[in-house]
Amino acid sequence: QGVNATEGELRAINEVLVPALNRGQSVYHAMLSAPDSFGVCGHTIYNYINGGVLSVKRHNLPMAVRYKKRRGAPVEHKVDRHCAEGRSWGPFQDFLAENPGVQVPETDTVEGGRRDKYVLLTVMFARQGFMFARLMPGKCAQHVADAFNWMWRALGDATFRMLFPAVLADNGTEFSNPARIEFDADGGRLTSVSCCNAYASYEKPHAERNHEFIRLVLPKGTAYTEPTPFDGLTQDGVSLMMSHVNSYVRRGLGNKTPYDLFAREYGEEIAALFGISRIAANDVTLKPSLLGIEVKVKESVSRKDCETPAKR
């Protein structure tokens, strides 16, 4: 249902738990040593760790490496289970009605293989078809907040507020702490976050559709090929990929490129702050080879191809 703790309570748990585990202590020992710092039971602490809510990783647990990882979907927790209150689709439509013509960027995440930790945070400016991507070391609310904080620092306060009058996200756990995106360290409002309805990706179709260009360079995988791993990516490589994606001519944009339309409205300097540059039309490459990636055939398929007809 979500994390039943405030950000301050989670920070207090982190401050006690991380040093204890670094000294080889167990969660149980740490909780007994500082009972006033934990307002939840041990089972909940383990759920927080497995869900990526705390900065502790499973390999920091003394006994975790001895047990075989259980099958099943990973446990995900929302930092604030009430985060959609006042930020739902209805209030967002009211905001658009009150601010006609305003552009609200759409944000989403793109995942690699099942074992990958790294994910891409994408930000889509639909009017220009322009998309920026930031490589994150995990899919959790803290990493999303860090990525937006990087954008705020890179762009500067005034430019960030101009580009992000509001942000449209989905109901995923990685966007479950919108307050960290909306306010700076002093409590000043930077932007407003709104959420789509559950299972309603059509409410932010531009970002979803533009991910198809990313998948040309970073294929999901098929019945015959392995998915492209994200753990070997770098931010420079991601920026290069997005430079090619944004330099691809779109019929829906009047045979213009997203980069040209974005640079015309906001300037090449802002595109450069996102790490995006213009690629010559003849040099645009939307293949895994752009990043030196070789698509691997699944081992089971390779063995089958090697069998003789008689053996089959």
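Visitor: Which residues are buried in α9?

Guide: In this predicted model, Q235, G237, V238, S239, M241, M242, S243, H244, V245 and N246 of α9 are buried. Numbering runs from 1 along each chain as its sequence is written, local features need pLDDT of at least 70, side-chain atom pairs count only at pLDDT 80 or more, and totals for chains, interfaces and linings use all residues. Side-chain values use heavy atoms, without hydrogens and water.

Visitor: Why is α9 called largely enclosed by the rest of the structure?

Guide: Buried means under 20% relative accessible area, exposed over 50%, and partly exposed in between (1.4 Å probe, protein chains only). Of the 12 residues of α9, 10 are buried, so the helix is largely enclosed. The cover includes β2 (119-125), β3 (130-136), α8 and α10 (258-266), where contact means heavy atoms within 4.5 Å. Helices (H or I, at least four residues) and strands (E, at least two) are DSSP runs, numbered from the N terminus.

Visitor: What span is expected for α9?

Guide: The rule is 1.5 Å times one less than the number of residues. For the 12 residues of α9 (235-246) the expected span is 16 Å, and the helix reaches 16 Å from its first C-alpha to its last.
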